[in-house]
Amino acid sequence: MNLKRVVVTGLGALTPIGNSVEEYWGNLALGTSGAGPITKFDASKFKTQFACEVKNFQAEDYLDRKEARKMDPFTQYGMITAEQAIQDSKLDLSKIDLDRAGVIWGSGIGGIKTFQEEVDNFVTNDRNPRFNPFFIPKMISDICAGLISIKYGFRGPNFVTVSACASATNALIDAYNYIRLGKADVFISGGSEASVTESGIGGFNAMKALSERNDDPSTASRPFDKERDGFVLGEGGAALILEEYEHAVARGAKIYAEVIGGGMSADAHHMTAPHPEGLGATNVMKYAIEDAEIDPTEIDYINVHGTSTPLGDLSESRAIKKVFGEHAYNLNISSTKSMTGHLLGAAGAIEALACIFALEKQMVPPTINHFTDDDEFDPKLNFTFNKAQERKVKTVLSNTFGFGGHNTSIILRKLD
């Protein structure tokens, strides 16, 4: 069968370095760190006392007060970014087939704040089961996709993908596949996460996954640096409008990029550690390139998973060299998590926006906070350290990998 073409026609962002796409992109170009001391709770007893929080945010500035109270923050972030993306796309909902419009969202954890608060109330109130009637609807991971579809009347495919930190990229790939198979015309897709909570920080601390650089939070996320000591937890979300190409052209939509390929794989190795030689990462990039039907040399920029963990960064760099060979030295590689922190299940969505930034601005966002070279990394690889670099960018690849060995890669191209 002839596959449909899929394009991106709307964007929304709520991130630690910007509460709109424009602000987010501006700070990507500047290499701004979003990390700072935690303000959401007293973190003085925790090993990690900082995070990349969304700043200057009040849900009531965007949402009806009563409705906002029925939502966990991860849902609030999703609803807000979906609205931004719908507005940006200029979709006239009265003129599209709502039976062929869907929502596929990604979240690795969902309503962890709601769950924590309700269990805490249960325990501190003599285990008296007086639970909030909105406890379950606020907590469940699928509720964001459901509420987005209710708001806009989208009656097509509607679900959430949960694959840890690969969740949002999984969501985008699923939406891409539904459209190119002719089963839908439009999707709101992306991801959101709100895990800067006592249980989120405490849980990741117990795993020794987080940086503990409390004396200097703004430089704590150090992908590919010799002194990297774990990731910085982030929060927020991003939404993209994915649309069938002819459908977009017929209504005169602005087209940001074309989605041309997606890949998925598993490490089948360890609960949390990546395969040391990057086997799953190697496979998933190969699968995405094969799906896009392009040569590896056509990729100009890779937005890497690059979380600032000792094992993860090294295995991903090894995988890049295996997939791209000598072309690896022509690539720009960067980890925007050095600025935003790690948004877990929402990472793939905000990083897809970083890739579109590279296509729009012909500029690669940097990997900030590089101070000390690590001899284990090939010095000929261009990690775009500390400063954005201008270059011709036509095709980009974005990697997101998750606990459990989930790997996803998506490829976007500047439309000819």
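**Strands, sheet and pockets**

Modeller: In this predicted model, β13 and β14 form a hairpin with three residues between them, and in the turn Gly 404 has a positive phi of about 95°.

Biologist: Which residue of β13 is the bridge partner of Asn 303?

Modeller: Strand β9, residues 301-303, pairs with β13 over three bridges in the parallel sense. Asn 303 belongs to that stretch of β9. Its bridge partner in β13 is Ser 398.

Biologist: Which strands stand at the edges of the open sheet?

Modeller: The open sheet has ten strands with mixed pairing, in the order β5-β4-β6-β7-β1-β8-β14-β13-β9-β10. A strand with a single partner has one side left without a neighbour in the sheet, so the strands at the edges are β5 (158-161) and β10 (332-334).

Biologist: Which residue of β10 stands opposite Ile 302?

Modeller: Strands β9 and β10 run parallel and are joined by three bridges. Opposite Ile 302, the residue in β10 is Ile 333.

Biologist: At about what angle does helix α7 run to β6?

Modeller: Helix α7, residues 167-180, lies across several strands, including β5, β6, β13 and β14. For comparison of the layout, helix α3 (residues 73-89) lies across β1, β4, β6 and β7 and runs at about 130° to β1. The angle of α7 to β6 is about 175°.

Biologist: How many nonpolar residues are in the lining of the largest cavity?

Modeller: The model has one cavity of 30 Å³ or more, and the volume of the largest cavity is about 30 Å³. Its lining consists of Val 8, Leu 172, Leu 240, Leu 242, Val 259, Ala 352, Ile 410 and Leu 412, with β7 (236-244) and β14 (406-413) each supplying at least two residues. The lining holds no polar and no charged residues, and its nonpolar residues number eight.

Biologist: How many charged residues are in the lining of the largest pocket?

Modeller: The largest pocket has a volume of about 680 Å³. Of its 33 lining residues, Met 71, Pro 73, Gln 76, Lys 113 and Glu 117 are the closest to its centre. Helices α2 (65-69), α3 and α4 (112-124) each supply at least two residues of the lining. By class the lining has eleven nonpolar and eight polar residues, and the number of charged residues is 14.

Biologist: Which element gives the most to the lining of the second largest pocket?

Modeller: The second largest pocket has a volume of about 560 Å³. Among its 34 lining residues, those closest to its centre are Thr 272, Ala 273, Pro 274, Thr 309 and Phe 403. At least two lining residues come from each of α10 (279-292), α11 (310-324) and β13. With six residues, the element that gives the most is α11.

Biologist: Does Ala 59 count as buried or exposed?

Modeller: Ala 59 lies in the loop between β3 (50-51) and α2. Not counting residues up to four places away in sequence, Ala 59 touches Ala 68 and Gln 76. Buried means under 20% relative accessible area. Because its relative accessibility is 7%, Ala 59 counts as buried.

Conventions. Residues are numbered from 1 along each chain as its sequence is written. This is a predicted model: local features need pLDDT of at least 70, side-chain atom pairs count only at pLDDT 80 or more; totals for chains, interfaces and linings use all residues. Side-chain values use heavy atoms; hydrogens and water are left out. On a 1 Å grid over the protein atoms alone, a cavity is a set of points where a 1.4 Å probe fits but cannot get out, and a pocket is an open set with protein on both sides within 12 Å along at least five of seven lines; lining residues have an atom within 4 Å of a point. Grid points are joined across faces, edges and corners, and a volume is the space filled by probe spheres set on the points. Helices (H or I, at least four residues) and strands (E, at least two) are DSSP runs, numbered from the N terminus. Ala, Val, Leu, Ile, Met, Phe, Trp, Tyr, Cys and Pro count as nonpolar, Asp, Glu, Lys and Arg as charged, and the others, Gly among them, as polar. Two strands pair if DSSP finds at least two bridges between them. Contact means heavy atoms within 4.5 Å. Axes are lines fitted to C-alpha atoms, for helices over the stretch in contact, and angles run from 0 to 180 degrees between N-to-C directions. Buried means under 20% relative accessible area, exposed over 50%, partly exposed in between (1.4 Å probe, protein chains only).
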